[in-house]
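Morning, everyone. Have a look at the model first.

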Amino acid sequence: MIHAVSAATAGGPEVLAPTDIPLPTLGPGQVLVRTHTTGVNFIETYQRSGIYPVSFPFIPGTEASGTVEAVGEGVVSLTVGNRVATCQASETYADVFVVDEDRVFPVPPTIDLETAAAIPLQGLTAHYLCTSVHPASPGETALVHAGAGGVGLLLTQLLVSRGVTVITTTSTPQKAELSRQAGATHTIGYDNFAATVRELTDGEGVNVVYDGVGKTTFDGSLASLRIRGTLALFGGASGQVPPFDLQRLNAAGSLSITRPTLGHFLLTPEERSWRYNEVFNAVTRGELRIRIGTRFPLSEAADAHRALESGTTHGKTILTR
């Protein structure tokens, strides 16, 4: 038996409780990983609460770092003892987890396993947003919501490295300072942010808005765009955006909107390798700083969810052992 955290039914953070489960079965092409650190992400709060349908009892978690303890038949790229990280596993709120060989990536010796657990989901999300969803170009201006959040801090750094002027929204002076340290030129509050963005851009608006907040920022995000601007809606921390009239995009200046998700930007081994290598190499060179904001023991996963949903966290929230 191994230790894990499970939700018996859908509900609030209180449904998460420590439990013992059998050691997972290792299949062909899979590896068994001893978990070192687990990344906590908003999607797990949606799954736990029932917003996203899952089967119960449910063990959350897709992101973690650890050490390979066993390999299944046909595994060729990994061996016992390899240090790995992933954001494409399942049930990582546990002492060990099983994952397909091609969905984990070796951790460079220059990066510790705690940091490695904080990189995959948010780091690769930031990467695909600024390289593929709206390829960032020098001289552009971008609005990044939740600038002190895990994705926000990393995305800001990647955009600035590409010559983009970044405006971020934050909710407290402390978070504003963290965002400025990441390279944001302007940090603004959420109240009437679209008007402020217009003022900062001489009335033109920004080329792109990267919006992981969702419901409460959506209308303002559209109003912040210049003609032919793009809204990349990649999350819904404040709730899901209701249906809207597509003619609004025409009337507001031939705007574009997209609702991407990370899995669709990790479709091939080559694409995964490209993204992991670029992000890990940037961390190794010191060009991308990973900020772990809050640590909780695995047994206190419910408190980690409470903190995440409260909007008071910054950087990455992790579960330690």
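One term before we start: a residue counts as buried when its relative accessible area is under 20%. Keep in mind that this is a predicted model.

Take Tyr 276. Its relative accessibility is 2%. That is under the 20% cut-off, so Tyr 276 is buried.

Now the overall picture. There are eight aromatic pairs in this structure. A ring pair is described by two things, the distance of the centres and the angle of the planes.

Start with Phe 105 and Phe 280. Their ring centres are 6.0 Å apart. The planes stand at 40°, so this pair is tilted. Where do the two residues sit? Phe 105 is in strand S7, residues 105–106, and Phe 280 is in helix H9, residues 269–284. That puts them 175 residues apart, so the pair links distant parts of the chain.

Buried or exposed? Phe 105 has a relative accessible area of 15%, so it is buried. Phe 280 is buried as well, at 1% relative accessibility.

Phe 280 also pairs with Tyr 276, the residue we began with. Here the centres are 5.7 Å apart and the planes are at 45°, so this pair is tilted too. Both residues belong to helix H9. They are four residues apart, about one turn of the helix.

One last item, elsewhere in the sequence. Phe 42, Tyr 46 and Tyr 52 come together as one aromatic cluster.

Key. Residues are numbered from 1 along each chain as its sequence is written. This is a predicted model: local features need pLDDT of at least 70, side-chain atom pairs count only at pLDDT 80 or more; totals for chains, interfaces and linings use all residues. Side-chain values use heavy atoms; hydrogens and water are left out. Rings of Phe, Tyr and Trp (its six-membered ring) pair if their centres lie within 6.5 Å; planes under 30 degrees apart count as stacked, over 60 as edge-to-face and the rest as tilted. Helices (H or I, at least four residues) and strands (E, at least two) are DSSP runs, numbered from the N terminus. Buried means under 20% relative accessible area, exposed over 50%, partly exposed in between (1.4 Å probe, protein chains only).
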